[in-house]
Amino acid sequence: MLQLKNVYCKIFTPTQLWEALISDFEGDTGKHIQDALISGAPKYGNDEDYIDLLLKDSYGVYIDEISKYHNTRYGRGPIGGVYYAGTSSISANVPQGASTTATPDGRKAHTPLAEGCSPSHAMDKNGPTSVFKSVSKLPTDKITGGVLLNQKVNPQMLAKEEDRMKLIMLIRTFFNRLKGFHVQYNVVSREVLLDAQVHPEDHGDLIVRVAGYSAFFNVLSKQTQDDIIERTEHVI
């Protein structure tokens, strides 16, 4: 039997979970299990060791496995010949999600996966500091192919000088104390992005950070636009 962390969640069996995933959480039972997974199961990005260290262990398997393989330059020079682990899915999390069934975190089938090493949208409830602390538990010294972390803040959160200084100190702490690898920001409100979808002619100069690159918002696919809109909007 699976017992979720939230004591108010029902208990269900692995078979019931499997059936819910296969059916994409259809029906009353499936919806109940999905709600329990979303609200009751701990989520990466909230500085909870229980779940963060599970992700660390998963990356360890990936890192160990990829180190067994070599490319055609292996043994032919001092540089090259090996593969490096990375989290930089760039914007491939959208098409990859389109071909992925429902997952045990409550995510529906064919919806975007989390991008890079970022938490799933709206699952990071404890603010940007907790996200940084969760990311810092990953073996970033071995994930040399890139540790891509996206964050989004509302421009109003940076309207005052003291708020901008808070963000500067937060970033410095991430790199200097937590040994962070990478972070990039979109400083744009959800309202502006939604309006840009409806009235693209009014937002021809709107540029957003997608992943490892920036792009005009209006040239992105609707699915990628939606994915950016749904990113957690943090308060500094």
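In the predicted model, V153 has V187 of strand β2 as its bridge partner. Strand β1, residues 150-153, is joined to β2 by four bridges, and the two strands run parallel. These strands belong to an open sheet of three strands, ordered β2-β1-β5, in which the pairing is parallel. The edge positions are taken by β2 (184-187) and β5 (233-234); each has a single partner strand, so one side of each is left without a neighbour in the sheet. Helix α5, which spans residues 128-135, packs on the sheet and touches β1, β2 and β5. The direction of α5 makes about 175° with that of β1.

Packing between helices was examined next. Helix α7 (residues 190-198) packs with helix α8 (residues 222-229) at an angle of about 165°, and their axes are 10 Å apart. Angles over 145 degrees count as roughly antiparallel, and α7 and α8 are therefore roughly antiparallel to each other. Their crossing is left-handed. On the α7 side, the contact is made by R190, L193, L194 and Q197. These residues meet K222, Q225, D226, I228 and I229 of α8. By class, the residues of the contact of α7 with α8 comprise four nonpolar, two polar and three charged.

Helix α1 contributes Q16, L17 and A20 to the contact, where they meet G30, I33 and L37 of α2. The residues of the contact of α1 with α2 divide into four nonpolar and two polar, with no charged residue. The contact of α7 with α8, by comparison, includes three charged residues.

Aromatic side chains were also considered. The count of aromatic pairs comes to three. One of them is formed by Y59 and Y62, with a distance of 6.3 Å centre to centre and 50° between the planes. This pair is classed as tilted. Both tyrosines lie in helix α3 (residues 49-66). Y59 and Y62 are three residues apart in α3, about one turn of the helix.

Note on methods: Residues numbered from 1 in each chain as written. Predicted model: local features only at pLDDT ≥ 70, side-chain atom pairs only at ≥ 80, totals over all residues. Heavy atoms only, no water. Axes fitted to C-alpha atoms, helices over the stretch in contact; angles between N-to-C directions. Parallel < 35°, antiparallel > 145°, perpendicular 65-115°, else oblique. Left-handed = near helix turned anticlockwise from the far one by under 90°. Contact = heavy atoms within 4.5 Å. Nonpolar A, V, L, I, M, F, W, Y, C, P; charged D, E, K, R; others polar. Pairing = 2+ DSSP bridges. Phe/Tyr/Trp six-rings, centres within 6.5 Å; stacked < 30°, edge-to-face > 60°.
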